[in-house]
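Notebook open, structure loaded. I want to jot down what I looked up, ligand site to begin with.

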Amino acid sequence: MEETIVLVVGAGPAGLGIAACLTKKSIPHIILEKEDCCASLWKKRTYDRCHLHLAKEFCSLPLKPHAPHAKKYLGKDDFIDYIDEYVSEFDIRPRYFKSVESASFDEATGKWLVETKNTLQKVTIVFVASFLVIATGENGKGYIPDIPGLKDFKGDVLHSSEYKSGREFKDKNVLVVGCGNSGMQISYDLCIWEPPLQLLLEIRSRYFHSVEFASFDEAKGKWIVEAKDTLVKVTRVFVASFLVVATGENGKGYIPNIPGLKDFKGDIMHSSEYKSSREFQDKNVLVVGCGNSGMEISYDLCNSGANTSIVIRNMVHVVIREMIIVGMHLLKYFSLSTVDALVTFASRLTYWNLSKYGICRPNEGPFLLKATKGRSPVLDVGTIAEIQSRKIKVLPGIERINKSKIIFEDKVALNFDAIIFATGYKSTTCEWLKDYDYILNKDGFPKNRFPTHWKGNNNVYCARLSRMGLQGISKDVIAIANDIEMILRTRLCS
Ligand SMILES: NC(=O)C1=CN([C@@H]2O[C@H](COP(=O)(O)OP(=O)(O)OC[C@H]3O[C@@H](n4cnc5c(N)ncnc54)[C@H](OP(=O)(O)O)[C@@H]3O)[C@@H](O)[C@H]2O)C=CC1
Ligand SMILES: O=C(O)C(=O)Cc1c[nH]c2ccccc12
């Protein structure tokens, strides 16, 4: 029988981070991942030139700082290497080809029956959850007394000679009948049994698992999660006491509904599909959105000969990355408003006034905007110099599209061959987490304010919604693992 304590959805940095923390604490858990690899956003949806914005000391996962010889600002491939090392170091491995054919909760017996098919060897094993151990006999053939009604007992009945360990009885109500040495020792074993070290080997990510539904069953006090195996097209049901949502802020690429977009004659892509400028050379390309994706993609395009324009329709902070690094260190000692004032001052000294290029500074500071609205300042990688030299054109919001013509809010109409929407992401969590109300608002962001945003009611957690980058993830997952450990310890003691 396999039983899990913690179910983690998403094998990105947060899912892997929490797996490492839980592994260290020997808390069994299962990670569900719909893709065929961990950190799929980094491996599949990040463009070639992408580098971490913040220095490596702010970008590590729990229990594994970056190597002293690692670059200060890791490239995408360096970070993926780090993630892969992390996965092997903490033995977080996928388990393929073990398919649970059915999992049903038997109300009458209060037990779960789980049928697992190993699709490679084509064998089916049935697991049952709770047992009754009768320790009456001695030697020879185990003796089980003839208790009236025993044959109709709805739970499991076994003789002490069949007992192996307390493993399958964890958290179950078990009656040991008989107080000889067998009964006494089995009672002790049941009571003190903790997952042995080998159990760590069973902590694996489940790839190709797309979670379609999760809801809290009040009666059982457990989370019920349905996941579709996208390889063999079957639905599996998982049950867990704790649910960690590690699917993050960047769920689904968002493309705004612009009038005429569906009849646009050129190419359309979201920034998450952009890999390199190769296919855009000598093309007229419009990048919509002035977040970090839009700014970096515009720079990449312009550097390799695309005729590049960017839509900037609202105010945005522009900083250089060292300002944020210094700011993050200063935040340990000074208030957010002081640090914001310093960073804004440094930005003013560096860029002076960019309003003649269509870039205006918001009134609220960069760290405040990041913390309250999740809006990141633009960490300039060279884009601003290209905007100042007019190699990249800044355009206002789009009003509508007419075939290959794009009409802007200032009524200017221009032709484009391609549009890249760097318009951000929408969270998809509320689509499958039916009881999101325990932890999230409708927009997929936490109900609780920082610093307890990661904890919800009924043992649900969100592991990467602090809007503070990898450092935020790292802090959240340590807090979550500690919280789960504390609840489990309290349960054991009561
Ligand atoms: N190297 C790295 O580490 C990188 C990190 N990132 C991070 O990834 C996260 C996601 O970034 P990103 O993909 O840029 O998404 P963001 O959500 O940060 O930015 C989306 C941008 O699109 C604009 N936008 C949205 N709708 C429209 C519209 N209809 N017309 C015009 N503009 C629109 C928004 O501005 P508004 O709505 O105000 O007009 C905003 O500027 C961020 O945290 C970012 O910092 C991103 C790239 C590289
Ligand atoms: O994750 C982002 O949005 C970044 O670009 C890096 C980042 C992480 N934490 C921050 C705090 C303030 C400004 C930028 C970041």
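How far does a polar side-chain atom of His-53 lie from an oxygen atom of ligand 2? I get 2.8 Å, a polar contact (a pair of N or O atoms within 3.5 Å; within protein, one must be able to donate a hydrogen and the other to accept it, and residues adjacent in sequence count only if both atoms are side-chain atoms). Lys-370 also puts a polar side-chain atom 2.8 Å from a ligand 2 oxygen. For Ser-376, I noted 2.5 Å between a side-chain N or O atom and an oxygen of ligand 2. On its own ligand 2 has 360 Å² of accessible area (Shrake-Rupley, 1.4 Å probe), and the protein covers 86% of that.

Caveats for myself: this is a predicted model, where local features need pLDDT of at least 70 and side-chain atom pairs count only at pLDDT 80 or more, while totals for chains, interfaces and linings use all residues. Residues are numbered from 1 along each chain as written, chains are lettered from A and ligands numbered from 1 in the order written, and side-chain values use heavy atoms, without hydrogens and water.

Next I asked where ligand 2 sits relative to the domains. It lies between domain 1 (2-140 + 201-252 + 426-493) and domain 2 (142-198 + 254-424), because both give residues to its shell; the bounds come from an automatic or database domain assignment.

Then I checked His-209. At 3% relative accessibility, I count His-209 as buried (under 20% relative accessible area, 1.4 Å probe, protein chains only). Its side chain reaches the Tyr-207 backbone oxygen at 2.7 Å and makes a 3.1 Å polar contact with the side chain of Arg-236.

Definitions and conventions:
Buried < 20%, exposed > 50% of the residue type's maximum accessible area, 1.4 Å probe, protein only.
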